[in-house]
Amino acid sequence: MSILVGKETRLLVQGITGREGTFHTQLMKQYGTPIVAGVTPGKGGQQVEGVPVFDTVKAAVAETGANTSIIFVPPAFAADAIMEAVDAGVELVVCITEGIPIHDMIDAAQYAKRAGTTLIGPNCPGLITPEQALVGILPGQIFKPGPVGLVSRSGTLTYEVVNGLTEEGIGQSTCVGIGGDPIIGTRFLDVLRRFEDDPETEIVVMIGEIGGTDEEEAAEFIKTMQKPVVGFISGRTAPPGKRMGHAGAIISGSMGTAESKVKALTAAGVPVADTIQDIVAEVKRRLA
Amino acid sequence: MKLLEYQAKELFAAEGIPTLKGQVAETPDAVRAAAEALGGRVVVKAQVPIGGRGKAGGIAVVNGPDEAAKEGERILNMTIHGYPVHRVLVEQAADIAAEYYLGVTVDRASQAIVIILSAAGGVDIEEIAATQPEKIAKATIDASIGLRDFHIRGLMAQGGVPAEHVRAMTQIIRTMYRIAKERDAMLVEINPCAALADGSIVALDGKVEIDENAHYRQTDLVEKQVPEAEHPLEREAAEKGLAYVKLDGYVGIIGNGAGLVMTTLDMIERSGGKPANFLDIGGGAKAEVVRNALNIVLADPDVKSVLINVFGGITRGDEVAKGLLAAFEEVDVRVPVVVRLAGTRAEEGRQLLAGHDALIPAATFQEAAEKAVALAQGGNV
């Protein structure tokens, strides 16, 4: 296993009977991810793509030994779904849903943290350990196994970078989309720690963006890391006070600027690429 | 969604936070009438969803109705940081003895609600943080227990609030916290929260920002939203479910994924141009979504060229191309459009687009940005 997901993953899909849930269950299954259960309240006993559906996460875990959950539940109910998974003892919860009210997420994120559950997202594309497990909505076909660990607040930028790496023959250990919301369960720092300890990962790519101070916090940790990190920050020309698509991509007053993040990363010895092509070139150079 | 000052104060008053008497006015005559009704010295304040209006000249303290009407007329003709002033709040002037800052907000780093109090109110909190950080008291709230008495006692002690103000301030903080939770506010701010010469404590200003993700359960507030709180194109885009932000350049941008679109804006500036907007069409590239996106971008008269930057992932390049072609059938495209397709089956997608004369293909991110900028500046590619 690289980090977080791999051969040991036993996946449960919350919201499996919805349009997105069913569609991505099919894709994750095709990729080879072991999917053991689905949950939709009131639809227990059905099957979706050959996967048994349960009414509650607790029942699904008891019957199937699921250890990881992915959530495709609509925003008004998604925080409850996260808390249900945490309560049922699932170790890793990945929430894809975009648009969860922030006060609901504060409750869910704090609850997950207290329980010791790893929450990824919300508003994220999920994660992948190439050729082992896809737990998310990432396009599996562009990934291949290799030495690069990638962590990103942006889905599409992840795909751009991975596509560039794969075209250069450079594979990935695990790629983690941590999500574009202001309140997310797993931050850069948490993923960097795991990559540092992961024998499969030789180099890390970190794709940040404006808003918050997670990149600055990560930069402090990078100073202590053995493995090299290549950075990228999007939104360098974004105006203050405007939410750039992601709920979390906003410069508030003097907080969350690209300048501050680039400065912190540079001070930690991280080369911060100016373009996607430069990220790929820098990784290639460092691995050579 | 940001409430205007008068809307925030209506909410405060309804929940029991003291405010001064005031009236909203949209014409100089209405300002005069309001000043007459209030009597004495009054304050005329521009109602715009942005800070810094005082420094911009959007607030006037006046003596009597005539001066109020004159200042009201001046302020109603202002545009403050891009927002035209359509209404003012006419309020009693106050004799201020002390000014506090009070804020309830969401702290990303601690993933919690924090309450901030400072006895150095009346100026921007960032300015206080920069010049007098020791004057800021903070309480981080554990969601499992909520706001408790000890939090408030700590704030009062750390903030140096004198005994005679503690009771009223406590009540105000409790109410602000309740508003934040019940109204899905990402920010509830009173700055200044003033102690008046007569010993009472009132909210002299009010900022409330409602979480957009919670609009569905705050419909009464959403319905009261006034048109000047948003750019018209941003409002139209929001109605169509598109994430659009109006910027001040001339290259229209459409892309999939917030990070990719932000990076596209950065690339336009690196290539010497200025982006006109941010527009994320999300996953897939259904013809209807692309058509709506194009219509919004082209409705901006500043747009001189358009760059469409799409990465084909689960929705493959050829499907994206079909969506673009279908949309182009139905839109009057008045400016050059550069398209960059990348990812899965991008080559097949590019071949499909090659036959279309209104579309200029680009192979790389950089080439796309350079072409779009050159075309917007009247050049050829």
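View 1. A salt bridge is a side-chain nitrogen of Lys or Arg within 4 Å of a carboxyl oxygen of Asp or Glu. In this predicted model, six salt bridges are found by that rule across the interface of chain B and chain A. One of the pairs joined by a salt bridge is Asp104(A) and Arg217(B), whose side chains meet at 2.9 Å, N to O. Several elements give two or more residues to the side of chain B that touches chain A, among them strand E8 (96–107), strand E9 (112–118), helix H6 (163–182) and helix H9 (258–270) of chain B. Of the elements on this side, H9(B) gives the most, with 10 residues.

**View 2. The extent of the interface, and Gln111(B) within it.** In chain B, 53 residues are in contact with 61 residues of chain A. The area buried between chain B and chain A is about 4300 Å², and carbon and sulfur atoms give 55% of that area. Arg108(B), Gln111(B) and Ile314(B) supply 20% of the area that chain B buries against chain A, which is more than any other three residues. Gln111(B) is found in the loop between E8 and E9 of chain B, where its phi is positive, about 50°, although Gln111(B) is not a glycine. With a relative accessible area of 3%, Gln111(B) is buried.

View 3. Helix H2 of chain B spans residues 28–38, and its buried residues are Val31(B), Ala34(B), Ala35(B) and Leu38(B). These residues lie on the same side of H2(B), because they cover an arc of only 100° around the axis. An α-helix has 3.6 residues a turn, so residues three or four places apart point the same way. The buried residues of H2(B) pack against strand E2 (22–25), strand E3 (41–46), helix H3 (65–76) and strand E7 (88–92) of chain B, whereas the face turned away from the buried side carries the exposed residues Asp29(B), Glu36(B) and Ala37(B). Just after H2(B) comes Gly39(B), which takes a positive phi of about 75°.

**View 4. Two cis peptide bonds, one in each chain shown.** In chain A, the peptide bond from Gly121(A) to Pro122(A) is cis, with omega near 10°, and Pro122(A) has its place in the loop between strand E7 (118–120) and strand E8 (126–129). That loop between E7 and E8 of chain A also holds Asn123(A), which has a positive phi of about 55° although it is not a glycine. Asn123(A) counts as buried, at 10% relative accessibility. In chain B, a cis peptide bond joins Asn191(B) and Pro192(B), with omega about 5°, and Pro192(B) is found in strand E11 of chain B.

**View 5. Cysteines without a disulfide.** Over all chains, the structure holds zero disulfides. For Cys95(A), the closest cysteine sulfur is in Cys124(A), 7.1 Å away, which is too far for a bond, since a disulfide needs the two sulfur atoms within 2.5 Å. Cys95(A) is buried, with a relative accessible area of 0%, and Cys193(B) also counts as buried, at 0% relative accessibility.

**View 6. The surroundings of Thr40(A).** Thr40(A) has its place in the loop between strand E2 (35–39) and strand E3 (47–48) of chain A, and counts as buried at 12% relative accessibility. Beyond its neighbours within four places in sequence, Thr40(A) is in contact with Gly15(A), Ile16(A), Thr17(A), Val53(A), Phe54(A) and Asp55(A).

Definitions and conventions. Residues are numbered from 1 along each chain as its sequence is written. Chains are lettered from A and ligands numbered from 1 in the order in which they are written. This is a predicted model: local features need pLDDT of at least 70, side-chain atom pairs count only at pLDDT 80 or more; totals for chains, interfaces and linings use all residues. Side-chain values use heavy atoms; hydrogens and water are left out. Buried means under 20% relative accessible area, exposed over 50%, partly exposed in between (1.4 Å probe, protein chains only). Helices (H or I, at least four residues) and strands (E, at least two) are DSSP runs, numbered from the N terminus. Contact means heavy atoms within 4.5 Å. The arc is that of the directions from the helix axis to the C-beta atoms. Buried area is the accessible area (1.4 Å probe) that two parts lose on being put together, summed over both.
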